[in-house]
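The following exercises are to be worked with the sequence and the three-dimensional structure at hand. Each task is followed by a stepwise solution.

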Amino acid sequence: MEPRMNVAEAAPALYAAVRALDGAVMKSGLEKRLLHLVKLRASQINGCAYCIDMHVKESLADGIPAQHLHMLTAWRESPLYSARDRAALDWIESVTLIAQTGIPDSAYAAVTAEFSPEEIAKLTIAIGTINVWNRIAVSSRMLHPVDRPAAA
């Protein structure tokens, strides 16, 4: 696979605006662990290898247990996630797959049981932001680095 274009070079002002939005999300007051789950789960759904690679590495560096990352695609079947995590993960999936889900009332009921209206707004913007990044990376075919094993 070959990269198609460098979006940052082709539209620098808009790319900078997306970076600024991402920075605002990171400073929004949502817990860092939750933001890691948002970024990784949406990237998994969108098939964004570049973002999955980056967000796994960032999550591990911030102390998220590896098992929590490995089990994320099967979160419904895993006891690792709290009720708050589950509500957020359901919301992440519903918002990311909006054309398919229409964001069901059940997802909204679950998220309102665990999050304040302000937190839901921030969570929704965080989800939208990573979806923008995923679309930039996938459409331009950004390539993730390949970690080479040390020579024996």
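**Exercise 1. Determine which residues of α2 are buried and how they are arranged around the helix.**

Solution. Step 1: the buried residues of α2 are Tyr15, Val18, Asp22 and Val25, where buried means under 20% relative accessible area, exposed over 50% and partly exposed in between (1.4 Å probe, protein chains only). Step 2: viewed down the axis of α2, these buried residues fall within an arc of 75 degrees, so they line one face of the helix; the arc is that of the directions from the helix axis to the C-beta atoms. Step 3: Ala13 and Ala20, on the other side of α2, are exposed. Step 4: the cover over the buried residues of α2 includes α1 (7-10), α3 (32-46) and α9 (117-140).

The model is predicted: local features need pLDDT of at least 70, side-chain atom pairs count only at pLDDT 80 or more, and totals for chains, interfaces and linings use all residues. Residues are numbered from 1 along each chain as its sequence is written, and side-chain values use heavy atoms, with hydrogens and water left out.

**Exercise 2. Describe the largest pocket and its lining.**

Solution. Step 1: a pocket is an open set of points, on a 1 Å grid over the protein atoms alone, where a 1.4 Å probe fits, with protein on both sides within 12 Å along at least five of seven lines; lining residues have an atom within 4 Å of a point. Step 2: the volume of the largest pocket is about 290 Å³, a volume being the space filled by probe spheres set on the points, which are joined across faces, edges and corners. Step 3: of its 14 lining residues, Asp22, Met54, His55, Glu58 and Trp133 lie nearest the centre. Step 4: α2, α4 (49-61) and α9 each supply at least two lining residues, and α4 gives the largest share, 5 residues. Step 5: the lining divides into 9 nonpolar, 1 polar and 4 charged residues. Here Ala, Val, Leu, Ile, Met, Phe, Trp, Tyr, Cys and Pro count as nonpolar, Asp, Glu, Lys and Arg as charged, and the others, Gly among them, as polar.

**Exercise 3. Characterise the second largest pocket and its lining residue Arg141.**

Solution. Step 1: the second largest pocket holds about 160 Å³ of space. Step 2: its lining includes Met1, Ala49, Tyr50, Arg141 and His144, and α4 and α9 each supply at least two of the lining residues. Step 3: Arg141 is in the segment after α9 and is partly exposed, at 32% relative accessible area. Step 4: most residues other than glycine have a negative phi. Arg141, although not a glycine, has a positive phi of about 55 degrees.

Key:
Helix = DSSP H or I, 4+ residues; strand = E, 2+ residues; numbered from the N terminus. Contact = heavy atoms within 4.5 Å.
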